Amino acid sequence: MRATPDVPDLVATFDAGTTAIKGAMVDRNGRVIASASGELDLIIDGDRREQDPGQWWRVFRSVSRELVGLAESSEASVAGRIRGVIMSGQMQDLITLDGNCHPVRNAILYSDGRADAEADELARSYGGPQQFLSTVGNRLEGCLPLPKLMWMRDHEPDAFNRTRHVLISSKDYLNARLTGVCAGDVAACSTAGAMDIRTGRWDAELIRAAGFEAGCDAGCDDGGNGLLPVLRNPQDRIGTVTPEAAGLTGLPAGTPVFAGIGDAGATTFASGVTRPGQYNINLGTSGWIATVSPEPFTSGPGAANLRFGVADGFVNAVPFLNAGDVHRWAVSTFAGGDYAVAHGMLERSAPGAHGVLCLPYLVGERFPVMNPAIRGAYAGLSPDTTPADLVRAALEGVALSIRQGMASFTTAPESISLIGGGAREAVWCQILADALNHPMRVFDHADILPAVALASLVYADPALVESAATGRTYRPDPAAARIYDGLYDRFLTLYPALNAIG
């Protein structure tokens with residue numbers, strides 16, 4: 001039954017992250033009419049990082065029931081109104097299931113690098129790291145799911161022998177529980193270490209080099225009966241909510257379920273980045289620069305590439321380890337941990353921090369340099385240096401590091417958007433606009449944009465994201481931009497000088 005104009009259609013969107021599962025009901029106008037969330041636990045054992053997929057499903061069921069209840073209380077019954085279910089989720093996980101889609105062990109997360117030895121073994125059997133990079137579009141590391149599957153085969157043979165399906169994203173496990181279909185989107189599955197990024201298909205030669213049967217590929221429509229999931233674009237329908245899942249989640253049986261998209265792809269899409277020249281900067285604890293280009297970006301250190309799926313081309317995401325953590329450190333060190341006090345200090349400070357420069361590599365760096373051992377430093381201190389100068393110099397250091405990273409891309413920026421916790425500091429937003437000498441767009445409600453972007457795929461309405469993306473644009477001040485042009489040349493000398501000290 002189609003919804004009437006008085007009782008609008010809805011899309012149930014979810015994000016299965018590392019710390020929480022979040023849900024939102026989105027109507028045709030991009031309005032979030034209900035939202036809910038539930039927290040998740042992280043299992044840490046030394047350097048190992050795991051999560052229980054069973055908890056994902058339990059928390060998802062609770063969030064879904066709450067979401068449906070809220071939607072019904074604020075509008076009307078959801079029966080016949082939910083056009084689809086679509087999710088984003090963490091990527092690069094190893095999720096192993098038995099023939100009934102039940103986990104055979106905890107999921108091994110993207111941040112777990114236990115399979116370094118297996119990655120080296122795969123490099124030898126596949127013709128070297130460069131051959132792997134050419135095929136996959138990402139560097140061969142022990143944190144990738146394919147080497148982790150090799151690790152599981154060698155170290156946990158009983159669990160491996162019970163494995164019938166392997167999934168790469170947390171949302172794909174939830175989709176499997178909803179539909180009984182093991183499928184994955186091409187963006188998330190780009191992080192598996194087993195996909196030919198240019199064709200969007202599993203690479204049979206690579207999978208055999210790892211010691212496995214190639215199994216199902218992107219042309220297979222058997223519902224995911226191979227070891228690896230069927231590959232789909234994010235907007236593809238993969239199945240419907242089963243009667244059993246409906247009883248557990250409150251979602252109506254028969255509701256279409258779509259493939260969805262891995263979290264980095266979802267954030268890129270939600271930021272309005274769909275073509276070359278559009279860039280998004282994420283200022284979380286760490287951060288990244290993301291854009292879309294016709295080819296994978298394999299020359300940058302630490303760069304990650306995803307097959308986009310929602311549009312032509314590839315998402316190029318380059319990570320920088322030092323972003324919001326530098327802000328937090330500066331606030332803690334110079335402002336007693338009070339962000340309001342630090343904001344006041346920044347407002348009183350001057351562009352260029354009176355000659356003080358900061359190399360912001362507190363925890364090493366992956367981009368624009370790759371050096372886990374390097375650490376940060378200040379240069380240019382004088383008797384006149386104030387705490388305000390030091391706070392500003394720290395944020396300027398991150399901005400100049402991002403400028404150096406942006407210089408790695410060949411396409412000049414047409415637009416740059418800024419998201420993440422760092423975007424709440426207005427002075428930092430202006431510093432970035434000045435340091436990059438480019439307008440910087442900051443969204444009013446960045447937290448809801450991924451849900452709206454997901455819903456737009458179900459509604460097949462590309463304009464929905466832009467209509468919801470209201471915000472403020474910070475424009476560069478010409479005088480400040482000239483100051484940062486001069487500082488940038490000095491900044492580029494800091495890393496080589498400090499690295500030479502050892």
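**View 1. Ala-304 has Ala-317 as its bridge partner in strand E20.** The model is predicted: local features require pLDDT of at least 70, side-chain atom pairs count only at pLDDT 80 or more, and totals for chains, interfaces and linings use all residues. Residues are numbered from 1 along each chain as its sequence is written, and side-chain values use heavy atoms, with hydrogens and water left out. E19 and strand E20 (residues 314–320) run antiparallel and are joined by four bridges. Strands pair if DSSP finds at least two bridges between them; strands (E, at least two residues) and helices (H or I, at least four) are DSSP runs, numbered from the N terminus.

**View 2. An open sheet of seven strands has the order E19-E20-E18-E17-E23-E24-E25.** Its pairing is mixed. Strand E19 (304–307) and strand E25 (471–474) are the edge strands, each pairing on one side only. On average, neighbouring strands of this sheet are turned by 25° against each other, direction ignored. Axes are lines fitted to C-alpha atoms, for helices over the stretch in contact, and angles run from 0 to 180 degrees between N-to-C directions.

**View 3. Helix H13 (residues 387–406) packs on the sheet.** The helix touches strands E17 (278–283), E18 (287–293), E20 and E23 (415–419), where contact means heavy atoms within 4.5 Å. The direction of H13 makes about 145° with that of E17.

**View 4. Thr-240 lies in strand E14 (residues 237–240).** Thr-240 counts as partly exposed because its relative accessibility is 29%; this class lies between buried (under 20% relative accessible area) and exposed (over 50%), with a 1.4 Å probe and protein chains only. Residues up to four places away in sequence not counted, Thr-240 touches Leu-178, Thr-179, Gly-254, Thr-255, Pro-256 and Val-257.
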